[in-house]
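Here are my notebook entries on a structure that I looked through step by step. Have the model open beside you and follow along.

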Amino acid sequence: MSPPRGQRALFFSHTRKTFYMNAFASNTESGFSSLVIRNLVKEYAPGKPVLKNISLTFDKSELVAIIGPSGTGKSTLIRCVNRLVEPTSGAILLDGKDLVTVRGKALREARRSIGMVFQEYNLVERLTVMENLLTGRLGYTSAFNAWLRRFTAEDIRRAFEMLEVVGLSEFANQRADSLSGGQRQRVGISRAVMQGPSLILADEPTSSLDPKTSVEIMELLQRVARAKNIPVIVNMHDVELAKRFASRIIGMSNGHVVYDGPPAGLGDDRLKQIYGGESWLQ
Ligand SMILES: Nc1ncnc2c1ncn2[C@@H]1O[C@H](COP(=O)(O)OP(=O)(O)OP(=O)(O)O)[C@@H](O)[C@H]1O
Ligand SMILES: [Mg+2]
């Protein structure tokens with residue numbers, strides 16, 4: 001005998017909530033983590049620093065938005081952290097390990113603990129959604145098993161759970177190139193979570209998406225930060241969206257941090273300082 005309608009709804013909502021929590025919690029390799037950036041300088045051309053002595057600490061499970069005008073160094077900062085770009089000087093400590101000096105195997109291991117989310121998703125287009133998620137486990141899979149695309153039952157179970165969490169279960173066997181932008185970005189975030197990261201870095205994750213989908217993606221990133229207990233750092237241009245979802249905003253201008261605080265403190269004066277001018281402020 002099935003329960004009355006109201007009770008049934010309650011049961012499903014409870015089961016769903018527990019399910020969500022399990023899916024997120026199942027990545028036990030990540031726990032409380034911290035990122036410390038100390039006196040970071042990056043020069044692409046000698047004597048012309050793009051990042052000018054940046055020092056920042058991220059030690060909470062929070063969504064942090066980095067805003068600032070085009071060319072101010074937001075992507076460079078994120079790329080220095082995962083060493084897609086070589087810092088010129090300074091230290092970047094992830095859970096106490098200096099990412100600037102690690103090489104070889106240690107660098108691969110460090111990269112494994114950093115989940116990346118990109119504006120253009122960076123999925124493997126011809127692979128299925130499920131296979132894309134499982135690429136998040138490649139760093140933990142032997143070369144032989146990776147070549148055979150052989151993943152553990154636990155990885156596969158976790159990937160299915162993750163798809164349920166982001167509402168893409170029915171797309172598991174569909175190729176990535178058949179998805180909409182919002183769906184692709186949910187796959188991109190799921191892949192990052194599958195890594196069991198200590199940190200997630202997202203470079204303009206909503207810039208290619210419509211406003212409603214952008215809100216859904218920001219909600220998901222916020223949920224990941226809280227459920228996984230890790231910092232999620234998001235570069236973005238949409239100041240209103242940043243203020244709505246981030247608990248902390250970092251404003252960059254000309255390679256410097258000129259604001260670091262709560263969204264409520266980001267008034268017009270601060271915005272003028274970050275972006276310059278004021279005619280664009282309505
Ligand atoms: N690989 C590179 N080689 C040389 N200069 C670079 C390189 N990447 C970035 N730059 C320069 O460094 C500066 C900062 O670029 P960056 O991409 O970090 O800015 P951004 O804040 O992310 O801008 P946007 O908001 O447009 O994405 C720019 O002047 C850019 O031209
Ligand atoms: Mg950028």
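**Around the ligand**

I began by looking up which residues surround ligand 1. I found Y44, V50, G68, S70, G71, T72, G73, K74, S75 and T76, where a residue is near a molecule if its C-beta atom, placed from the backbone, lies within 6 Å of it. I sorted this shell by class and got 2 nonpolar, 7 polar and 1 charged. For such counts, Ala, Val, Leu, Ile, Met, Phe, Trp, Tyr, Cys and Pro are nonpolar, Asp, Glu, Lys and Arg are charged, and the others, Gly among them, are polar. The most is given by α2, with 3 residues of the shell.

A note on what I am reading: this is a predicted model, in which local features need pLDDT of at least 70 and side-chain atom pairs count only at pLDDT 80 or more, while totals for chains, interfaces and linings use all residues. Residues are numbered from 1 along each chain as its sequence is written, and chains are lettered from A and ligands numbered from 1 in the order in which they are written.

**The whole protein**

I counted 10 helices and 10 strands in the protein; helices (H or I, at least four residues) and strands (E, at least two) are DSSP runs, numbered from the N terminus. Of its 282 residues, 37% are buried. Here buried means 20 or more other C-beta atoms within 10 Å of the residue's own, exposed means 12 or fewer, and partly exposed lies in between, with C-beta atoms placed from the backbone. I also looked at contacts, meaning pairs of residues whose C-beta atoms, placed from the backbone, lie within 7 Å. Among contacts with a separation of 6 or more, 69% join residues 24 or more positions apart.

**The six-stranded sheet**

Next I traced an open sheet of 6 strands, in the order β6-β7-β8-β3-β9-β10 and with mixed pairing. Two strands pair if DSSP finds at least two bridges between them. At the edges I found β6 (114-118) and β10 (256-261), each pairing on one side only. On average, neighbouring strands are turned by 20 degrees against each other, direction ignored. Axes are lines fitted to C-alpha atoms, for helices over the stretch in contact, and angles run from 0 to 180 degrees between N-to-C directions.

I then followed β3. Strand β3 (residues 63-67) runs parallel to β9 (residues 248-253), with 4 bridges between them. A65 has I249 as its bridge partner in β9, and I67 has G251. With β8, strand β3 also pairs in the parallel sense over 4 bridges, and A65 stands opposite V234 there.

Is β3 enclosed or open? I found 5 of its 5 residues buried, so β3 is largely enclosed by the rest of the structure. L63, A65 and I67 point one way, and V64 and I66 the other way.

**Helices on the sheet**

I looked at α7 (residues 181-194) and saw that this helix lies across β6 and β7, at about 175 degrees to β6. Helix α7 also packs with α8 (residues 211-228), at an angle of about 10 degrees and with axes 10 Å apart. That makes α7 roughly parallel to α8, a label for angles under 35 degrees, while over 145 is roughly antiparallel, 65 to 115 roughly perpendicular and the rest oblique. The residues of α7 that meet α8 include Q185, I189 and V193. By class, this contact has 6 nonpolar, 4 polar and 3 charged residues.

V36 has L93 as its partner in β4. Strands β4 and β5 form a hairpin with 2 residues between them, and D95 in the turn has a positive phi of about 50 degrees. L94 stands opposite K97 in β5.

**Two asparagines**

Last, I checked two loops. N122, in the loop between β6 and α4 (129-135), has a positive phi of about 50 degrees although it is not a glycine. N122 is partly exposed, with 13 other C-beta atoms within 10 Å. N229 lies in the loop between α8 and β8 and has a positive phi of about 60 degrees, again without being a glycine. N229 is partly exposed, with 17 C-beta neighbours inside 10 Å.

Terms used: Two residues are in contact if their C-beta atoms, placed from the backbone, lie within 7 Å.
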